[in-house]
Amino acid sequence: MTNDAHDHRDRILDTAAEQVRRFGEAKTNVVDIAKAMGLSHSALYRHFRSKAEIFDALAARTMAEEADLAARFAMADGPAAERLRGLVLALHRSKRAKLGDDPEIHGLYRRIMAERPDLVGDYARRMTGLVRQILQDGIARGEFRIPDLDMAAGVVRDAVTVFVHPAHVEQAVAAGLDLEPRLQAVIDTVVTAFAAASQPDM
């Protein structure tokens with residue numbers, strides 16, 4: 001895909017997101033998106049085959065943004081435990097902010113996560129890989145001793161899913177729950193377990 005085509009796709013997605021915010025997902029269609037851009041709807045079909053494909057791409061873009069956020073912690077310097085904590089807290093806060101500041105896009109994202117397990121699977125693999133990278137760095141630094149990195153990264157992923165999945169975040173907010181103290185406790189427990197294994201026997 002050329003840069004021009006990529007830029008045009010991004011403009012379509014930006015416009016689609018604004019239409020969803022103004023009118024809701026159900027009332028947004030390809031014709032309205034095209035009109036808002038001053039184009040014919042046939043011009044949009046050169047880049048997306050349907051409204052559903054545009055919405056899938058919006059969700060995929062949000063997932064990519066979250067992965068980029070997580071990658072900052074994976075590639076940063078400093079103690080692995082603090083970077084792991086920072087990564088999960090940043091994702092949790094990002095989901096809460098999306099719910100509060102951009103509820104229509106949050107709703108679209110939540111629906112597509114429920115309907116597109118293939119997108120979710122790709123996202124989960126990428127995020128788990130970033131967690132694995134932090135854990136591996138923790139081993140290199142002498143912070144952790146982890147015999148099975150893949151399993152450990154999966155344990156972290158599963159342990160924090162309730163704090164970063166949009167449906168769970170939405171339910172917690174609706175119930176007036178502050179999940180951060182619980183999230184901190186989960187990360188403390190995981191980090192303590194990984195660090196304890198690295199301590200020499202007395």
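Guide: A polar contact is a pair of N or O atoms within 3.5 Å; within protein, one must be able to donate a hydrogen and the other to accept it, and residues adjacent in sequence count only if both atoms are side-chain atoms. Asp 77 makes one, side chain to side chain, with Arg 141 at 2.4 Å.

This is a predicted model, in which local features need pLDDT of at least 70 and side-chain atom pairs pLDDT 80 or more, while totals for chains, interfaces and linings use all residues. Residues are numbered from 1 along each chain as its sequence is written, and side-chain values use heavy atoms, with hydrogens and water left out.

Stay with Asp 77. It sits in the loop between α4 (51–74) and α5. Helices here are DSSP runs of H or I with at least four residues, strands are E runs of at least two, and both are numbered from the N terminus. Asp 77 is exposed, at 67% relative accessible area. The cut-offs are over 50% for exposed and under 20% for buried, with partly exposed in between (1.4 Å probe, protein chains only). Beyond four places in sequence, Asp 77 touches Arg 83 and Arg 141; contact means heavy atoms within 4.5 Å. Lys 35 lies 42 residues away from Asp 77 in sequence, and their C-alpha atoms are 47 Å apart.

Now step into α5. This helix covers residues 80–101 and holds His 92. His 92 has 0% relative accessibility, so it counts as buried. Its side chain reaches the backbone oxygen of Phe 163 at 2.7 Å. Skip the neighbours within four places in sequence, and His 92 still contacts Phe 163, Val 164, Val 169, Leu 179, Glu 180 and Leu 183.

His 92 takes part in the packing of α5 on α10. Helix α10 runs over residues 180–196, and its axis comes within 10 Å of the α5 axis. The two cross at roughly 155°. Axes are lines fitted to C-alpha atoms, for helices over the stretch in contact, and angles between N-to-C directions run from 0 to 180 degrees. That crossing makes α5 roughly antiparallel to α10. Under 35 degrees counts as roughly parallel, over 145 as roughly antiparallel, 65 to 115 as roughly perpendicular, and the rest as oblique. From α5, Ala 81, Leu 84, Arg 85, Val 88, Leu 89, His 92 and Arg 93 take part. They meet Glu 180, Leu 183, Gln 184, Ile 187, Asp 188 and Val 191 of α10. By class, this contact has seven nonpolar, two polar and four charged residues. Nonpolar covers Ala, Val, Leu, Ile, Met, Phe, Trp, Tyr, Cys and Pro; charged covers Asp, Glu, Lys and Arg; the others, Gly among them, are polar.

His 92 also joins the packing of α5 on α8. Here the axes lie 9 Å apart, at an angle of about 30°. That makes α5 roughly parallel to α8. Leu 84, Val 88, Leu 91, His 92 and Lys 95 of α5 face Val 156, Val 160, Phe 163 and Val 164 of α8. The contact holds seven nonpolar residues, one polar and one charged.

Next comes α9. Its buried residues are Pro 166, Ala 167, Val 169 and Ala 172. They pack against α5, α6 and α8 (149–164). Helix α6 (residues 103–115) and α9 (residues 166–174) have axes within 9 Å, crossing at roughly 130°. That makes α6 oblique to α9. His 106, Tyr 109, Arg 110 and Met 113 of α6 meet Pro 166, Ala 167 and Glu 170 of α9. Four of the residues in this contact are nonpolar, one is polar and two are charged. After α9 comes Gly 176, with a positive phi near 75°.

One more site, in α7 (residues 117–140): Thr 128. Its relative accessibility is 11%, so Thr 128 counts as buried. Thr 128 touches Ala 153, Gly 154 and Arg 157, leaving out residues up to four places away in sequence.

Finally, the whole protein. It has ten helices and zero strands. The C-alpha atoms fill a box of roughly 75 × 45 × 25 Å along the principal axes. Of the 202 residues, 43% are buried. Among contacts with a separation of 6 or more, 69% link residues 24 or more positions apart.
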